[in-house]
Amino acid sequence: MKDLKTTDIAVITTGTVENTFDNVNAYLHAVIESVKDDNVSRTRTYKVRTDLVGYKDVELPVLDEDGNPKFDENGNMETEIKEQLIWLEQKQDWALQTFTYDQIDGFADVVAAQIPEGLTRTQKDIAELQAIFLAKRREDAPWGIAASKWRSRTNEDLLKDKS
């Protein structure tokens with residue numbers, strides 16, 4: 001099983017769009033990594049891998065404001081059920097995508113209004129990269145997934161309240 005990390009730059013579908021070989025409803029989750037920045041040819045190459053992911057219930061301790069576990073009147077640790085995003089199976093192996101600096105600048109201009117204010121330079125770079133790949137996914141519509149079905153994956157997607 002592969003770990004999904006908070007450090008991954010990723011996009012995900014807004015809902016389940018496919019079934020695994022075990023017939024489990026799954027989301028598509030695409031991880032993006034920078035591979036090469038070529039100043040001479042003015043291109044940047046990324047690798048992208050798409051996996052099928054889903055949620056499983058996990059029981060976690062309820063924490064107080066200091067980060068310590070809470071206990072009930074009988075001394076039992078209080079717990080809550082959350083949903084954790086987990087890897088289910090691989091959809092596509094790593095694929096390389098190369099963009100010219102002009103393409104990247106053009107994408108960045110298009111998505112500039114979607115980037116929140118007040119981010120650090122690194123956070124802004126990550127948000128722009130996610131937005132660029134989100135725009136690319138929407139443009140290409142891989143596997144017949146409609147444009148409206150893709151969004152940037154956030155840390156809140158990794159562990160969320162059960163709803």
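**Notebook: a walk through a predicted chain**

I started at Phe-71: setting aside neighbours within four places in sequence, I found Phe-71 in contact with Asn-76, Met-77 and Glu-78. I kept in mind throughout that this is a predicted model. Phe-71 sits in the loop between strand 4 and strand 5. I looked up its accessibility next: at 49% relative accessible area, Phe-71 counts as partly exposed, because the exposed class begins over 50%. I also took a C-alpha to C-alpha distance from Phe-71 to Ala-95, and got 48 Å for a pair 24 residues apart in sequence.

**Entry: the whole chain**

I stepped back to get my bearings. I counted 3 helices and 7 strands in the protein chain. Reading along the sequence, I wrote down the order as β-β-β-β-β-α-α-β-α-β. Along the principal axes, the C-alpha atoms fill a box of roughly 65 × 40 × 25 Å.

How much of the chain is buried? I got 35% of the 163 residues. For the accessible surface I noted about 10000 Å², with 46% of that belonging to carbon and sulfur atoms. I then looked at contacts between residues at least 6 apart in sequence, and 63% of these join residues at least 24 apart.

**Entry: Ile-86**

I picked Ile-86 in strand 5, which covers residues 79-100. Is Ile-86 buried or exposed? Its relative accessibility is 14%, so I logged Ile-86 as buried. Beyond the residues up to four places away in sequence, Ile-86 touches Leu-4, Leu-52, Val-53, Gly-54 and Lys-56. I checked one further pair: Ile-86 and Val-110 are 24 residues apart along the chain, and their C-alpha atoms are separated by 32 Å.

**Entry: helix 1 against helix 2**

A reminder to myself: a packed helix pair is described by the angle between the two axes and the distance between them. I took helix 1 as residues 101-111 and helix 2 as residues 121-140; their axes come within 9 Å and cross at roughly 95°. That angle makes helix 1 roughly perpendicular to helix 2, since the perpendicular class runs from 65 to 115 degrees.

Which residues meet here? From helix 1 I listed Ile-104, Phe-107, Ala-108 and Val-111, and from helix 2 Ala-131, Ile-132, Ala-135, Lys-136 and Glu-139. Sorted by class, this contact holds 7 nonpolar residues, no polar ones and 2 charged ones.

**Entry: salt bridges**

Side chains of opposite charge can pair when their charged atoms come close. How many salt bridges are there? My count came to 10 salt bridges.

I opened Lys-47 and Glu-33 first. Their closest N and O atoms are 3.7 Å apart, and the pair qualifies because the cut-off is 4 Å. Lys-47 belongs to strand 4 (residues 43-61) and Glu-33 to strand 3 (residues 25-38), so this bridge ties together parts 14 residues apart in sequence. Lys-47 is partly exposed at 26% relative accessibility, and Glu-33 is partly exposed as well, at 32%.

Next I went to Arg-49 and Asp-51, a salt bridge with 2.8 Å between the closest N and O atoms. Both Arg-49 and Asp-51 are buried.

Then came Asp-157 and Arg-151, whose side chains meet in a salt bridge at 2.7 Å, N to O. Here Asp-157 is buried, with 8% relative accessibility, whereas Arg-151 is partly exposed at 27%.

I also found a network of salt bridges that links Arg-121, Asp-125 and Glu-128.

**Entry: positive phi**

Most residues other than glycine have a negative phi.

Asn-23 has a phi near 65°, a positive value in a residue other than glycine. Where is Asn-23? I placed Asn-23 in the loop between strand 2 (18-19) and strand 3. With 58% relative accessibility, Asn-23 counts as exposed.

Arg-42 is not a glycine either, and its phi is positive at about 55°. I found Arg-42 in the loop between strand 3 and strand 4. Arg-42 is partly exposed, with a relative accessible area of 41%.

Note on methods:
Residues are numbered from 1 along each chain as its sequence is written. This is a predicted model: local features need pLDDT of at least 70, side-chain atom pairs count only at pLDDT 80 or more; totals for chains, interfaces and linings use all residues. Side-chain values use heavy atoms; hydrogens and water are left out. Axes are lines fitted to C-alpha atoms, for helices over the stretch in contact, and angles run from 0 to 180 degrees between N-to-C directions. Helices (H or I, at least four residues) and strands (E, at least two) are DSSP runs, numbered from the N terminus. Angles under 35 degrees count as roughly parallel, over 145 as roughly antiparallel, 65 to 115 as roughly perpendicular and the rest as oblique. Contact means heavy atoms within 4.5 Å. Ala, Val, Leu, Ile, Met, Phe, Trp, Tyr, Cys and Pro count as nonpolar, Asp, Glu, Lys and Arg as charged, and the others, Gly among them, as polar. Buried means under 20% relative accessible area, exposed over 50%, partly exposed in between (1.4 Å probe, protein chains only). Accessible areas come from the Shrake-Rupley method with a 1.4 Å probe; for residues, only the protein chains shown count as cover.
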